[in-house]
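Thanks for coming. I have one structure to walk through, and I will keep to what can be read off the model.

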Amino acid sequence: MASDDELQARARALSSPIRLRILRLCLHKSRTNKEIADLLDINPATSLHHVRTLLGTGFLEAEEPRRGKRGAKEVPYRSTRMSWGTKLPDAAPVLLETFLQEINGLAPDEIQVMRVGLKLTEADQRELLSRIKDVISDYALRPADEDGVATSLFVAHHLDQTAN
C-alpha cells in the first residue's frame, strides 16, 4: 500500500498536461527523451525533468539503453499503465487541457464527437457513468493489439444548470 506521501507525489505527477501527454506517447511505443521532446516540441531538458518525475513515481519505466544514430547512449521509456487506476483530485481541468493540447491541429474530420442532453434520476446517472466506465476499463486494460491503431478517448459529464 502506498504511503500518503507517495499518493501525493503521484497526484502531483499527474497534474501536468505535459506529463500526461508523455504517458500517452510512451503507452504503445518506447520513446527516448529526445523523441519525446521532439514530438511535444519542447526543450529536451524540460522533457527530461518531466520524464524523471514520471520515473520517480512509477508511471514510466526505463528500458535497456541502446545506441542512437550517432552512437550516443539512449534510454527508451515506456508507460507502466499505472496511471489508469490512480486517483487524481480535481482532475477535470488538467484532463481537459491535456485533451485540448492533444487535438490541437487536427482537422475536424479527425475527431469524432458525441454530445447529448439527458434528464435522468441520480440513480440513472450513476448507472450510466458506471456502465461507461466499465466499457472503457475493459478496453483500457486489454493488451495493445500489434496491428491496432493508437486512439484516444475523452469523456466528460456535467450537470446542465441551464436546462432545469
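The model is a predicted one.

Staying with Asp 160 for a moment, is this residue buried, partly exposed or exposed? Its relative accessible area is 39%, so it counts as partly exposed, because that class runs between the 20% limit for buried and the 50% limit for exposed. Asp 160 and Arg 21 are 139 residues apart along the chain, and their C-alpha atoms are separated by 29 Å.

Leu 153 is also found in the segment after helix H6, which spans 122-140. Leu 153 has 58% relative accessibility and therefore counts as exposed. Leu 153 belongs to a nonpolar patch on the surface, together with Val 116, Leu 118, Leu 120, Leu 128, Leu 129, Ile 132 and Val 155. Together these residues have about 670 Å² of accessible area.

The largest nonpolar core has 18 residues, and Ile 22, Leu 23, Leu 54 and Leu 60 touch the most other members. Which elements give two or more residues to this core? They are helix H1 (4-13), helix H2 (17-25), helix H3 (33-40) and helix H4 (44-56). H2 gives the largest share, four residues.

Take Ile 22 as an example. Setting aside neighbours within four places in sequence, Ile 22 is in contact with Ile 36, Leu 40, Ser 47, His 50, Val 51, Leu 54 and Leu 60. Two of those contacts, Leu 54 and Leu 60, are also named among the core residues that touch the most other members.

Last, the sheet. Three strands form an open sheet in the order E1-E5-E2, with antiparallel pairing. Strand E1 (31-32) and strand E2 (60-62) are the edge strands, each pairing on one side only. As a reminder, strands of a sheet pair through backbone hydrogen bonds, either parallel or antiparallel.

How many bridges join E1 to strand E5, residues 76-79? Two, in the antiparallel sense. Arg 31 has Tyr 77 in E5 as its bridge partner. On the other pairing, E2 and E5 are joined over three bridges, also antiparallel. There, Ala 62 stands opposite Tyr 77.

How values were computed. Residues numbered from 1 in each chain as written. Predicted model: local features only at pLDDT ≥ 70, side-chain atom pairs only at ≥ 80, totals over all residues. Heavy atoms only, no water. Core = buried A, V, L, I, M, F, W, Y, C linked by side-chain atoms within 4.5 Å. Buried < 20%, exposed > 50% of the residue type's maximum accessible area, 1.4 Å probe, protein only. Contact = heavy atoms within 4.5 Å. Patch = residues over 30% accessible without salt bridge, like charges linked within 9 Å, V, L, I, M, F, W, Y side chains within 5 Å. Areas by Shrake-Rupley, 256 points an atom, 1.4 Å probe, with all protein chains shown as cover. Salt bridge = Lys/Arg side-chain N within 4 Å of Asp/Glu carboxyl O. Pairing = 2+ DSSP bridges.
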